[in-house]
Amino acid sequence: MRTFAFARADSVERAVERRQGEPASAFVAGGTTLLDLVKLDVMRPSRVIDINALPLKSVERLHDDRLRIGALVTNTDLAYHPDVLADHPLLSQAILAGASTQVRNMATTGGNLMQRTRCPYFRDPTAACNKREPGSGCDARDGFNRMHAVLGGSDQCVAVHPSDMCVALAAIGATLTLQGPNGEREIDVADFHRLPGATPHLEHDLDDELIVAVTLAPPLKPLGTAYVKRRDRAAYEFALASAGAMLSLDEDLIGEARLALGGVATKPWRCHEAEALLAGKRAEIAAFEAAADVALADAEPLSHNAFKIPLARQAIVRALRDAARVAREDNA
Amino acid sequence: MQETPEHPPEATVSVHLRLNGIPVTIEVSPNAILLDVLREQLGLTGTKKGCDHGQCGACTVHLDGRAINACLRLAVMCEGQAITTIEGLANEGLAAGDALHPVQQAFLDHDAFQCGYCSPGQIMSAVALLEDRRVAGDIGTVREAMSGNLCRCGAYQNILAAIQDARLRLHGQEGGDDA
């Protein structure tokens, strides 16, 4: 395995300072992405900065009732946190639908936001990949692209964003707090992950910054949520298509709906047009199918993944149907 | 924890652990992986190397009581932490003893293995699962919670039976079968 220098940071400011101007430095939290990819020689940090001693491990309820999640809260602790279960069951459901117990125990909230794609060409240093090596081409476009994106791709890259947690964050709405050399700033989670466009190697809106917290938008009330994930095996597998749905009901009319997709897009995929279509409609299958069609209207299949479009459609309809059922129970 | 000066790639770093109940100091490179240190440097070969990428669970150990993949952890990141390996589940120290944890006994009683290569990881995951009361005891939840441990022999049914039997022995309650 490639060698690197190692340092441990004892404050957020020092962690950021250590990385400043050293793009080959990498922060390590859980390490589940970083060390996997260092072993494959895909990530090649010259220096690894351990941030696990930083005080970013709590979930707090703010004065305005929103939940603020420290970047180092593990995926397991987040999924089982009583306030998350109470306010944002979608987040818990999505996290527990992903990875394994061991990985969830290691992986952190900030790390999950930073996780890299599972595209096999990205993970193979001998393959052409514009994300790993800008300008080298994309072996997935005309290769084995069954797992790849039908939304948000470009000529340069069709790699899927792999996170389940981020699908829930996209649906819920969240603000990331980033600490950089010039202080702190906030960014909407929707703006954090970039579309690949002509620069697939630039995945995040980050500038020498460290994610320190994720603050969730307030929940809808009454709330129904569902996370439906379709994959090749029932556990410990990445999504072929997933849908996270949240909605509130007034009698049987939809008040507000939120919908985000995973497994089909190059970034966590919020479906604003489908949400707008659902508002005020009766909560029934016809409305959910219409919303699914709108959500997938721009989907463009590659040579091996046309099946993802009907699969995603079914996941959306089921997620909305199940969320409506839960909202009805919450109303009752 | 004290902030340390940066260790260059060729440095040797002292790391203080509580390993299977006893304090241990190890000297490791910055890029040394916990799994390799346990097996090659400390002679604790009960923890197995399977995929080496966090996909098979053969390397599962407990880090401060939580099941983790030792193949995805830098040894230097474990400063001050408690690590339990299969050797230390029922015995203290760095040598395997004769005592068996109730989960180990349940694996024997239920013939929950064939070749045995995945068993240490399966058992470490099972013990952590049974100790984590946030995880429900029904078969469906247990299957998901154990999905990070692969068994190429396919001993899953007996592994599940062993876990649910050990649950009764440890907690005296039925897990339920609503898969």
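Tutor: Let's begin with A:Asp65, which counts as partly exposed at 42% relative accessibility. Keep in mind throughout that this is a predicted model. The side chain of A:Asp65 forms a salt bridge with A:Arg61, and the closest N and O atoms are 3.2 Å apart. A:Arg61 is partly exposed as well, with a relative accessible area of 34%.

A:Asp83 is itself partly exposed, at a relative accessible area of 23%. With a cut-off of under 20% for buried and over 50% for exposed, that 23% puts A:Asp83 in the class in between.

For another pair in chain A, go to A:Glu329 and A:Arg325, which form a salt bridge with the closest N and O atoms 3.7 Å apart. Both of these residues lie in helix α12 (residues 308-331) of chain A, four residues apart, or about one turn of the helix. A:Arg325 is partly exposed, at 42% relative accessibility. There is also a network that takes in both chains: A:Lys39, B:Asp36, B:Lys49 and B:Asp52 are joined by salt bridges that share partners. Over all chains, the structure holds 35 salt bridges.

A:Asn52 sits in the loop between β3 (47-50) and β4 of chain A. At 17% relative accessibility, A:Asn52 counts as buried. Leaving out residues up to four places away in sequence, A:Asn52 touches A:Val28, A:Ala29, A:Lys57 and A:Leu72, along with B:Met77 from the other chain. For a sense of distance, A:Asp164 is 112 residues from A:Asn52 in sequence and 23 Å from it in space, C-alpha to C-alpha.

How is chain A divided up? The domain assignment gives domain 1 (5-50), domain 2 (59-114 + 164-216) and domain 3 (224-331). The centres of domain 1 and domain 2 of chain A, taken over C-alpha atoms, are separated by 19 Å. Eleven residues from domain 1 of chain A and twelve residues from domain 2 of chain A make up the contact. On the record side, an unreviewed UniProt entry carries the annotation "domain: FAD-binding PCMH-type" for residues 1-221 of chain A. Over residues 1-221, chain A is 26% helix and 18% strand, and the end C-alpha atoms are 51 Å apart.

Chain B has five helices and five strands, and from the N terminus on its elements run β-β-α-β-β-β-α-α-α-α. The radius of gyration of chain B is 17 Å, close to the 16 Å that the globule rule gives for 179 residues, so chain B is as compact as a globular protein of that length. The C-alpha trace of chain B spans about 55 × 30 × 30 Å along its principal axes. Of its 179 residues, 55% count as buried, and chain B exposes about 7600 Å², with carbon and sulfur atoms supplying 49% of that area. Among the contacts in chain B with a separation of 6 or more, 57% come from residues 24 or more positions apart.

Chain B is assigned domain 1 (13-88) and domain 2 (102-171). Their C-alpha centres lie 21 Å apart, and 17 residues of domain 1 of chain B are in contact with 13 residues of domain 2 of chain B.

In α1 (residues 34-41) of chain B, the residues B:Leu34, B:Leu35, B:Val37 and B:Leu38 are buried. The cover over the buried residues of α1(B) includes β1 (13-19), β2 (22-28), β3 (60-63), β4 (66-69) and β5 (82-84) of chain B. After α1(B) comes B:Gly43, with a positive phi near 70°.

Technical notes: Residues are numbered from 1 along each chain as its sequence is written. Chains are lettered from A and ligands numbered from 1 in the order in which they are written. This is a predicted model: local features need pLDDT of at least 70, side-chain atom pairs count only at pLDDT 80 or more; totals for chains, interfaces and linings use all residues. Side-chain values use heavy atoms; hydrogens and water are left out. A salt bridge is a side-chain nitrogen of Lys or Arg within 4 Å of a carboxyl oxygen of Asp or Glu. Buried means under 20% relative accessible area, exposed over 50%, partly exposed in between (1.4 Å probe, protein chains only). Helices (H or I, at least four residues) and strands (E, at least two) are DSSP runs, numbered from the N terminus. UniProt positions are given in the numbering used here, feature names are shortened, and annotations may be inferred rather than shown by experiment. The radius of gyration is taken over C-alpha atoms; the globule rule is 2.2 Å times the number of residues to the power 0.38. Contact means heavy atoms within 4.5 Å. Accessible areas come from the Shrake-Rupley method with a 1.4 Å probe; for residues, only the protein chains shown count as cover. Domain bounds come from an automatic or database domain assignment.
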